[in-house]
Amino acid sequence: MPVSKKRKKSENRQPDNSNSPTPPKPGIHRSTFTTMAGIVVALAAVGWLIFGGGSQDATIKVIVPELSAKAEKGRLTFEQNCIKCHGRNVAGSDKGPPLVDPFYKPSHHPDASFVSAINLGVRQHHWKFGSMPPQPQIKAADIPDLITYIREIQQANGVF
Ligand code: HEC
């Protein structure tokens, strides 16, 4: 028979153990605990307001399509250089936006704006993550595959 494991740890709440010579102590422990718990909850709430509430975690749900060979190569470049901000599968993180977003479709952000973002960085203008630093470590020859990777994911998710 499955026995409920609930309350196993809270011995104070099980006064039915008649072997115990010491009666449960009066309310002081529980009220101290309640106060401490209240403080922890209050601190967590303040912390959330200061650190959590202000920043933006723009992670979105992304369908990952079967990638072309070019896009597979681009994925490796992305995962070495961009994933820390733009997130797994380009779905965003707490440091950068998802590029799988209608805002970044080719008619609004053509490939040239990706090249420019990589070479010159991006001044914060559309999100609240701060600016994107230039990524000079990316070889020019690797950029087309990198863009192909992002475009294929955009396309699979109905961005264009
Ligand atoms: C340190 C974090 C960081 C890294 C690393 C990073 N980005 Fe960004 N990127 C951002 C942020 C933040 C923005 C959004 C700026 C805004 O619009 O407010 C952005 C915006 C962009 C844009 C939109 C450009 C535009 O004109 O609005 C593109 C494209 C882009 N990133 C591509 C990349 C690629 C490709 C890589 C990897 C080579 C990369 N990023 C690496 C943080 C990063």
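## Basis

The model is predicted; local features need pLDDT of at least 70, side-chain atom pairs count only at pLDDT 80 or more, and totals for chains, interfaces and linings use all residues. Residues are numbered from 1 along each chain as its sequence is written.

## Glutamate 152

Glutamate 152 sits in helix α5, residues 143-156. Helices are DSSP runs of H or I, at least four residues, numbered from the N terminus. Glutamate 152 counts as buried because it has 21 C-beta neighbours inside 10 Å; the cut-off is 20 or more other C-beta atoms within 10 Å, with C-beta atoms placed from the backbone.

Beyond neighbours within four places in sequence, glutamate 152 contacts Pro65, Leu67, Ser68 and Ala71. Contact requires C-beta atoms, placed from the backbone, within 7 Å. Leucine 67 lies 85 residues away in sequence, yet the C-alpha to C-alpha distance to glutamate 152 is 7.1 Å.

## α2 against α5

Helix α2 (residues 69-81) packs on α5 at about 100°, with axes 7 Å apart. Axes are lines fitted to C-alpha atoms over the stretch in contact, and angles run from 0 to 180 degrees between N-to-C directions. The two helices are therefore roughly perpendicular, a class spanning 65 to 115 degrees. Among the contact residues are Ala71 and Phe78 of α2, and Ile147 and Glu152 of α5.

## Ligand shell

The ligand is surrounded by 26 residues, counted when the C-beta atom, placed from the backbone, lies within 6 Å of it. The closest are Cys82, Cys85, His126, Phe129 and Met132. Helices α3 (83-86) and α4 (111-120) each give two or more residues. The largest share, 4 residues, comes from α4.

How values were computed: A residue is buried if 20 or more other C-beta atoms lie within 10 Å of its own, exposed if 12 or fewer, and partly exposed in between; C-beta atoms are placed from the backbone. Two residues are in contact if their C-beta atoms, placed from the backbone, lie within 7 Å. Angles under 35 degrees count as roughly parallel, over 145 as roughly antiparallel, 65 to 115 as roughly perpendicular and the rest as oblique.
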